Amino acid sequence: MAAVLQGVRVLDLSWGIAGPMATMLLTDHGAQVTRIEPPGGDPFRGQLGYHVWQRGKRSAILDLKAAADLATFKALVTQADILVESFTPGVTQRLGIDYATLSQLNPRLIYLSITAYGRDNPHSQRPGYDALVAARTGLQWEQRGWPEGAINHMAGVADPFAELEIPWEWLQGPAREGPVFTASAWPSLGACFAATTAVSAALRAREVTGRGQWVETSLLQGAMACASGVWQRAQKIDAPMFNSWILGSRSPKGHFQCADRRWIHNWVPNPRFLLTAAAGDTINSDPDLKAKNDPDRFGTGPEELLVMAHYQPLLADAVRKFPAAQWVDAAATAGMTIQDVRTPEEALTDPLFIDDGCVTELRDRELGPIRQVGITYRLERSPGVVGAPAAPAGEHTQEVRAEAAALGTAPAGGAAPATGAAAGTAAGGTLAAPLAGITVLDLGLAIAGPYGTQILSDLGARVIKINALYDTYWHSNHIAYMANRGKESIALDLKDPRAMKILLQLVERADVVQHNMRYEAAERLRIDYASLKELNPRLVYCHTRGFETGPRESLPGNDQTGACLTGVQYEDGGMSDGGKPLWSLTSLGDTGNGFLSAIAIIQALYQRERTGFGQFCETSIVNAHLLNSSYAVARPDGRGFERPRIDGDQLGFDATHRLYQTREGWLCVVLATQQQWLRFCAAVGLEELPRDPRFADSAARWRNRAALAALIEPKLLERSAAQWFAVLDAAQVPCEISDPQFSRRLHDDPVMKQRGWVASYPHPMVGRIDQVGLLFDFSDTPGRVQGAPLVVGQHSRAILAELGYPPQEIDTLCQDCVLAWSPGEGHRKVRSPWQPQAAAPPAVATTNTQDQA
């Protein structure tokens, strides 16, 4: 079959990270992407990640300030399907390439803007460097969380265990207070995922309406995607089973150093397994040590911090007895979630990744053979193909000019006749939202599955969550709330034939089935793709995993194990400079998997509109994390290349791109150009530094970064962050105060409310709850948050009635194999098979794959 995006023409004017990554995903799946670079080339071309993100694209240099080149560009626009730009708001209008102008030339054009903060708000003109967005939004404070935990912090509640002494060595991050700088460009990564999702949805919408539209996202919304778990504000945080220790800075996160000084991550830490496995002279990997049979494992309540404080030194001593590889092997046998913390270069030489195709090898024109992230989601009918290595700037200029000349000058008063995908169909339908009319069945678990279907809900799909009868425990936890809003819930015991019949009736009516249970469990239940497509040949079926295909495929996996295997934890912890692994609380592993599943599903729906066929699609958490660490490449033998790395104290990349402590508060600076460096030195009173040969240019400053930081640090301690910000901002030096209060203002911001970027609704268990809202904006088919997080069984009766069941039969089913919840009932008490029968609180299932059969 043709690639899903074959015939789709993309003009890429974006710079930085988010836009180039998004268009890489489009070209990996068949789109023709033409980069339009300015004279002199893209100023961000020097970053190592461009050898990855610009693959498979053409490069043409056009001066859009020159009339002839502008006419050439507009001629290309008449035949384009998608335009991607990342200019500061207002620039495209000045250049005459704004959406209003170009949509007159091509009404089917999908115009994607990726800005720093969006249009028409108090942040819109702020500089869009990732570190500065992370500072301004307070994302740097969320990397390891707050002592009191995320839910308490957002509610303004103090740490209930402030008197408990927790040694720094037990915890994530450096042994200091304050914000944390990460290697992962989380705002841009979130924006990349959101942009690719949104532009795919706009393509599907165009198949129905025949119209293009303006699609927007931002690094701000990317940061909000990252923080969707930690930026929830609830009215009743003491609701049963709602609050937890998980997103707090004072709780150990299951990192342990082994006998060979390598680190492993065991999430959720399991005392029985670790202590029993290490009791002898060799590791005992008895499979009976699985967590679901362990009544003593950690629960989720905040008070579990006291239990963890007791166990942490015991667990650390136990793990230290054996090397990391033995722990990983034992965990695989026992079904535990443990992986070792690797560098990105180690990940890129993993033969299992290469066999799967999530890592690939290209012969780069500058670097030679290099390993890099491969295909990150697959469609059965369009598995994706990595294109040619990144082209030199302007290599295709004459080819592109010739194409434009053949099209002729763009007409002043209307659109030129389109060809290819841009021509499309007559369409002319209407849509209230990009996925309006689509029904999705969500059989997903934990976060990695359900987050993807929540995105589909925000895009207008009807999402029906197929819950188990015992799911109330998990859905009472605040972490589940972040991935299950806007859905209907029917709770079924799928071991009962009557409940299975209900599910299959829903499948017959559905457009999409999505899940992340082990696939062999789906096969045993006969809800695998081969079985369900017999009922519904137009079905789009998406399965996601923790790992790549191959030997690790059926292991339990989660965000943490994926971040270990792909180098994310290594880099974010500054481990090359002596730091410890860091699992960011704003990570895009589970949620990145969710985004990739949503992208695959939407593109499969787009292809179904054109062909009539459904299909199978798949992705994984490690795929998402390989994208997150795709700024790194490696030679085939595992040797890396020079690239920025953060320091062990997690302050930044170097003296000109980092956090500084001031007399009061923290300031983040990014001095990306020589002019910015000179203005900084003049503004802070260090005029002598540019004359010092150690700091004369960017290369010298990099070589002498420690000495330079030592000179800047005491100077910035002379004033507060607010005072320095006023001075530096007036001098046009890119900087931001690292703001610890942004999240607490977020849900009361009138602009955020008006845009729908935050959402608020009453919930029967926790009262009013405020959450991160829409991550993208559409001019023609706007998304919409469809409601509060679900209550298990909330819609069971209504769905059964819709299927035609009479009231008496519904009553019988609800007594036997269906759980139905009604307002005023509170939570129904159905014990989970994972839930300990002892008094100790049970643990939340946070793995990507659990066996339901």
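This section describes the sheet, the nonpolar cores and several individual residues of a predicted model.

The sheet comes first. Seven strands form an open sheet with mixed pairing, in the order E3-E2-E1-E4-E5-E6-E26. Strand E3 (57-61) and strand E26 (777-778) stand at the edges. Each has a single partner strand, so one side of each is left without a neighbour in the sheet. Strand E5 (residues 110-115) and strand E6 (residues 214-218) run parallel and are joined by 5 bridges. Within this pair, Tyr111 stands opposite Trp214 in E6.

The largest nonpolar core has 160 residues. Those with the most contacts inside this core are Ile82, Met224, Trp231, Phe273, Trp327 and Tyr451. Helix H8 (residues 186-209) gives the most to the core, with 12 residues. A second core is separate and has 37 residues. Its members include Ile502, Leu525, Ile527 and Leu532.

Backbone geometry stands out at several loop positions. Trp267 and Val268 are joined by a cis peptide bond, with omega about -5°. Val268 lies in the loop between strand E9 (263-266) and helix H10 (271-277). Met241 is not a glycine, yet its phi is positive, at about 70°. Met241 sits in the loop between strand E7 (233-234) and strand E8 (255-257). Its relative accessibility is 30%, so Met241 counts as partly exposed. Arg261 is another residue other than glycine with a positive phi, near 70°. Arg261 is found in the loop between E8 and E9. With a relative accessible area of 63%, Arg261 is exposed.

Trp702 belongs to helix H27 (residues 698-703). Trp702 counts as partly exposed because its relative accessibility is 22%, and the buried class requires under 20%. Beyond residues up to four places away in sequence, Trp702 touches Glu642, Arg643, Pro644, Arg645, Phe653 and Asp654. Pro450 is 252 residues from Trp702 in sequence. In space, the two are 43 Å apart, C-alpha to C-alpha.

Notes
Residues are numbered from 1 along each chain as its sequence is written. This is a predicted model: local features need pLDDT of at least 70, side-chain atom pairs count only at pLDDT 80 or more; totals for chains, interfaces and linings use all residues. Side-chain values use heavy atoms; hydrogens and water are left out. Helices (H or I, at least four residues) and strands (E, at least two) are DSSP runs, numbered from the N terminus. Buried means under 20% relative accessible area, exposed over 50%, partly exposed in between (1.4 Å probe, protein chains only). Contact means heavy atoms within 4.5 Å. A nonpolar core is a set of buried Ala, Val, Leu, Ile, Met, Phe, Trp, Tyr and Cys residues joined through side-chain atoms within 4.5 Å. Two strands pair if DSSP finds at least two bridges between them.
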